[in-house]
Amino acid sequence: MKIRELIIQHCDNTEKKGNGLIIHTGNVSEPVETPEMFDYLDFLSDEPSRRIWNSDVYRMILTEIDGEITVYEHSRMASYSIQLLDLDEEYGEKQESDLNELADVFSFVSYEHRNNTRKSGVPYISHPMDVASILMKDNASSELVFAGLLHDIVEDTDVDLVTIRRRYGPAVGDYVEAVTEPAELRQAAEGDKAQTWKERKQYTIKRISRANSEIRLLSCADKLANIRDLISDIKQEGDDFWSKFNAPKDEQEWYYRSMLEVFATGPQNIADTRAYRDYKDCVDELF
């Protein structure tokens, strides 16, 4: 069943909330089947009383709790990601210490990125939140999820890897370093990022091709979050949005497809992960 059909058949109340959120509620006499384009979140569910699904494509979360269904329809990826984090905090099986540290990492990253924005103008923190959410859905370790929140902090703020390792340990620091461009490339890019774009992307392709599966998953989550935003922004603003990038569409396609190949190649490939499959679908959709 499609989600719109489910809403029409079973939801008799709709409320518009702030931040682009619409909530549909209703009751069902029989258990709901997984709607098209939705994933069942077994790690957040407790059969038969609580069942939870989500759809990154539609930015929707569906819950069925004691016969009552609720569909949360988000227009903003950031608020959708926040709700997923809230659900994980409420129903997930992570240890309390991990959740406390996750909150600390989020607070730290949010503060350090406070002056940064995405190309669309939205606060930059929305991107690391998306990356962390993607990693959680692939059952990544807490260290890798923390690195997902921190992955851009060295490139975009004054925070260095020494600080990351001191605050969050060597494993998190190593993950962040693995997806951070080296200082010499970053310094060269300060003059004209368009001039160094190809060299920097070739470096990333080569480095990730030699990385282990955890680092590949981290990089894939980053690319997936980026391409999802890109698809959404182009739908919103049209093809003129490509002009905001340091390379034209055909070179962007080369990079995204090259990373797709890297992620699926070799003994450390991540072709069986949810992040890779979603990334592949997005690449095919955009190009």
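The largest cavity has a volume of about 80 Å³. A cavity here is a set of points, on a 1 Å grid over the protein atoms alone, where a 1.4 Å probe fits but cannot get out. Its volume is the space filled by probe spheres set on those points, which are joined across faces, edges and corners. The model is predicted: local features need pLDDT of at least 70, side-chain atom pairs count only at pLDDT 80 or more, and totals for chains, interfaces and linings use all residues. Residues are numbered from 1 along each chain as its sequence is written, and side-chain values use heavy atoms, with hydrogens and water left out.

The whole structure holds 3 cavities of 30 Å³ or more. Lining residues have an atom within 4 Å of a cavity point. For the largest cavity, they are Leu41, Phe43, Leu44, Leu84, Leu85, Asp88, Ser133, Met136 and Lys137. The lining has 6 nonpolar, 1 polar and 2 charged residues. Ala, Val, Leu, Ile, Met, Phe, Trp, Tyr, Cys and Pro count as nonpolar, Asp, Glu, Lys and Arg as charged, and the others, Gly among them, as polar.

The second largest cavity holds about 50 Å³ of space. Its lining includes Asp56, Tyr80, Ser133, Lys137 and Arg228. Two or more lining residues come from each of α2, α4 and α11. Helix α4 gives the largest share, 4 residues. By class, this lining divides into 4 nonpolar, 2 polar and 4 charged.

Now the charged pairs. Asp56, Lys137 and Arg228 belong to a network of salt bridges that also links Asp39, Arg274 and Asp278. A salt bridge is a side-chain nitrogen of Lys or Arg within 4 Å of a carboxyl oxygen of Asp or Glu. The structure holds 21 of them.

One joins Arg118 and Asp229, at 3.3 Å from N to O. Arg118 lies in the loop between α3 (96–112) and α4 (126–137), and Asp229 in helix α11 (residues 213–237), so the pair ties together parts 111 residues apart in sequence. Arg118 is buried at 14% relative accessible area. Asp229 is buried too, at 13%. Buried means under 20%, exposed over 50%, partly exposed in between (1.4 Å probe, protein chains only).

Arg51 and Glu47 also meet in a salt bridge, at 3.5 Å. Arg51 is buried, at 13%, whereas Glu47 is partly exposed, at 49%. Lys244 pairs with Glu237, again with closest N and O atoms 3.5 Å apart. Lys244 is partly exposed, at 38%, and Glu237 is partly exposed, at 39%.

Methods. 1 Å grid on protein atoms, 1.4 Å probe; cavity = no way out; pocket = protein on both sides within 12 Å on 5 of 7 lines; lining within 4 Å.
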